[in-house]
Amino acid sequence: MAITQFIGIIPARYASTRFPGKPLALIGGIPMIQRVYEQTKKELNNVVVATDDSRIYDCVRGFGGQVVITRTDHRCGTERCLEAWTKIRPTLPPTQNIDQHTVIINIQGDEPFIQPEQIQAVMSCFEDDNTEIATLVKPFTETDGWDALENPNSPKVVVSWNDANRQHGIARMFSRSVIPYLRSIDKSDWLQQGKHYKHIGLYAYRAATLAAITALPPSAAEQAESLEQLRWIENGYQIRVATCQTQSIGIDTPEDLDKANQLLITKK
């Protein structure tokens with residue numbers, strides 16, 4: 001199956017419980033959404049911001065980005081990506097089986113330091129024609145420390161690997177708890193075993209699959225963990241994973257924003 005195109009969609013809503021207006025927050029004097037957009041454009045030619053707010057819309061138009069307005073009632077970024085795709089699709093050259101031959105890459109709007117190699121890694125999963133959904137994982141290391149491993153805001157993944165180098169595999173389970181549980185090993189030694197993987201929230205889906213998974217009702221595991229990818233697994237979808245070594249730096253709170261600005265100062 002030939003893939004005709006990869007399209008990056010960046011969901012960016014204004015409302016946020018912990019950080020209202022987050023996409024417009026300045027990092028080094030540049031709006032966060034602009035940084036995400038420009039980092040993504042380093043790898044993808046076709047990138048669109050999907051927002052529910054005129055302020056974000058105007059900001060993206062102001063720096064020359066492509067943007068579409070979406071509804072305010074979406075429950076997650078996946079749903080917002082689907083609406084954006086339905087708006088983008090009619091503007092593209094007609095292609096046979098366009099929904100099967102197009103891959104949508106969902107880039108988080110609060111990842112201003114996303115790197116081209118991360119996007120390349122998730123794209124590599126679609127070299128297999130059977131791939132419907134893909135995402136990234138990163139190994140936890142001893143330098144991460146136990147607090148990072150135990151952090152419930154950093155979901156963990158159990159993977160069945162396809163190769164000895166652990167570069168590609170299939171996600172079997174996601175959890176906010178520490179998985180796998182190494183029963184016969186003291187917890188102080190868990191990080192030395194190299195068996196724990198952090199989920200990097202970059203998703204890619206064939207457009208036809210994106211439409212199908214957003215139509216699914218919430219599942220039991222998804223509701224328990226508040227992880228939408230569990231809905232897909234519980235409904236029989238395979239999520240392929242690629243390994244990346246790049247540390248993701250998301251901005252969830254004003255404190256995270258302060259750290260990001262300090263990081264830029266340190267790099268100068």
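I took a contact to mean heavy atoms within 4.5 Å. With that in hand, I looked up contacts between residues at least 6 apart in sequence, and found that 69% of them join residues at least 24 apart.

I note that this is a predicted model, in which local features need pLDDT of at least 70 and side-chain atom pairs count only at pLDDT 80 or more, while totals for chains, interfaces and linings use all residues. Residues are numbered from 1 along each chain as its sequence is written, and side-chain values use heavy atoms, with hydrogens and water left out.

Next I looked up burial, where buried means under 20% relative accessible area, exposed over 50%, and partly exposed in between (1.4 Å probe, protein chains only). I found that 52% of the 268 residues count as buried.

I then turned to salt bridges, each being a side-chain nitrogen of Lys or Arg within 4 Å of a carboxyl oxygen of Asp or Glu, and the count came to nine. One of them joins D110 to K22, with the closest N and O atoms 3.1 Å apart. I found D110 buried at 13% relative accessibility, and K22 is buried with a relative accessible area of 13%.

I also looked up D53 and R55, whose closest N and O atoms are 2.8 Å apart in a salt bridge. D53 is buried at 10% relative accessibility, whereas R55 is partly exposed at 43%.
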